[in-house]
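Here are my notes on the model, as numbered points. Please read them with the structure open.

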Amino acid sequence: MGNIMSIENLDFYYGDFKALKNINLQAVEKEVLAFIGPSGCGKSTLLRILNRMSDLTAGSRVDGKITFRNEDIFKMDTIDLRRKVGMVFQKPNPFPMSIYDNIAYGPRMQGLKDKNELDKIVEESLKKAAIWEEVKDKLKKSAIGVSGGQQQRLCIARAVAMSPEVLLMDEPTSALDPISTLKIEDLVNELKQQYTIIMVTHNMQQAARISDKTAFFLLGELVEVGETGQIFSTPQQKKTEDYITGRFG
């Protein structure tokens, strides 16, 4: 599998503060890439830059290059980019509407009106998010009324309904109980058969369980990236080893 996203010499500023420093990183098609590191190290900032959510931050500036399938993301239409590079946030954020309308929202915004086609997309997306059996008889009920773990899987289904190629996940299980967390982890393992997944996680055991590659960030710098098994067993950098073994700081 080849690279689907490539980051070259990336610097990111909030005003005068340099939050990311000379990041070089590739995401490989149909793999899970995990970002680990302490709070405030730049993981979520980088994730948001990848589909230009960072454009919404006043006073921010990006230097360097990011490509999606060899196309400069900063020259792409943002709506088109966010359709191809979807985002699932830390806290489940279903829209205050029915389960069906949550999933159909994106395709409708793209101009799809055919009811049969929308029905098909809703069912397929909910199945891909492993929640169809739980909600198939509640499609007209509010998405706000289901549990937190179910809400997060609905948000994944909503992202999948847009037929993205990359799914960005910003600590998608941090607000969930252990059982819901395992369901999301199982789901990630299923979804990577079809999508590239880039995930921020504070949970190193989670990164070890479900990612193919892991990138360790510290103070805005990419310290080390490699195969997950290698990063956790024989890290090349002492800072990585100290973080993984709990001797950090």
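1. Strand 6 (85–88) is the top contributor to the lining of the largest pocket, with four residues. Helix 2 (78–84), helix 3 (99–109) and helix 6 (148–160) also give two or more residues each. Helices (H or I, at least four residues) and strands (E, at least two) are DSSP runs, numbered from the N terminus. A pocket is an open set of points on a 1 Å grid over the protein atoms alone, with protein on both sides within 12 Å along at least five of seven lines; lining residues have an atom within 4 Å of a point.

2. A caution on the source: this is a predicted model, with local features needing pLDDT of at least 70 and side-chain atom pairs counting only at pLDDT 80 or more, while totals for chains, interfaces and linings use all residues. Residues are numbered from 1 along each chain as its sequence is written, and side-chain values use heavy atoms, with hydrogens and water left out.

3. The largest pocket holds about 640 Å³ of space. Grid points are joined across faces, edges and corners, and a volume is the space filled by probe spheres set on the points. The lining counts 20 residues, and Arg82, Phe95, Tyr105, Arg158 and Met162 lie nearest the centre. By class, the lining splits into twelve nonpolar, five polar and three charged residues. Here Ala, Val, Leu, Ile, Met, Phe, Trp, Tyr, Cys and Pro are nonpolar, Asp, Glu, Lys and Arg are charged, and the others, Gly among them, are polar.

4. How many cavities of 30 Å³ or more are there? The count is one. A cavity is a set of grid points where a 1.4 Å probe fits but cannot get out. The largest cavity contains about 40 Å³ of space. Its lining consists of Met5, Ile7, Leu25, Gln26, Ala27, Leu33, Leu50 and Ile198. Seven of these are nonpolar, one is polar and none is charged. Strand 1 (3–14) and strand 2 each supply at least two lining residues. Strand 2 gives the most, with three.

5. Strand 3 (residues 32–36) is largely enclosed by the rest of the structure, because five of its five residues are buried. Buried means under 20% relative accessible area, exposed over 50%, partly exposed in between (1.4 Å probe, protein chains only). Both faces are covered: Val32, Ala34 and Ile36 are buried on one side, Leu33 and Phe35 on the other.

6. Strand 3 has parallel partners. Four bridges link strand 3 to strand 8 (residues 196–200) in the parallel sense. Leu33 has Ile198 as its bridge partner there. Two strands pair if DSSP finds at least two bridges between them.

7. Four strands form an open sheet in the order 2-1-4-5, with antiparallel pairing. Strand 2 (17–28) and strand 5 (71–72) are the edges, each pairing on one side only. Strand 4 (residues 60–68) meets strand 5 through two bridges.

8. Two residues deserve a backbone check. Most residues other than glycine have a negative phi. Asn22 has a positive phi of about 50° and is not a glycine. Asn22 sits in strand 2 and is partly exposed, at 47% relative accessibility. Ser163, also not a glycine, has a positive phi of about 55°. Ser163 lies in the loop between helix 6 and strand 7 (166–170) and is exposed, at 51%.

9. On cysteines, the whole structure has zero disulfides (a disulfide is a pair of cysteine sulfur atoms within 2.5 Å). Cys41 is buried at 2% relative accessible area, and Cys155 is buried at 4%.

10. Overall, the protein has ten helices and ten strands. The radius of gyration is 18 Å, close to the 18 Å that the globule rule gives for 249 residues, so the protein is as compact as a globular protein of that length. The radius is taken over C-alpha atoms, and the rule is 2.2 Å times the number of residues to the power 0.38. Of the 249 residues, 52% count as buried.
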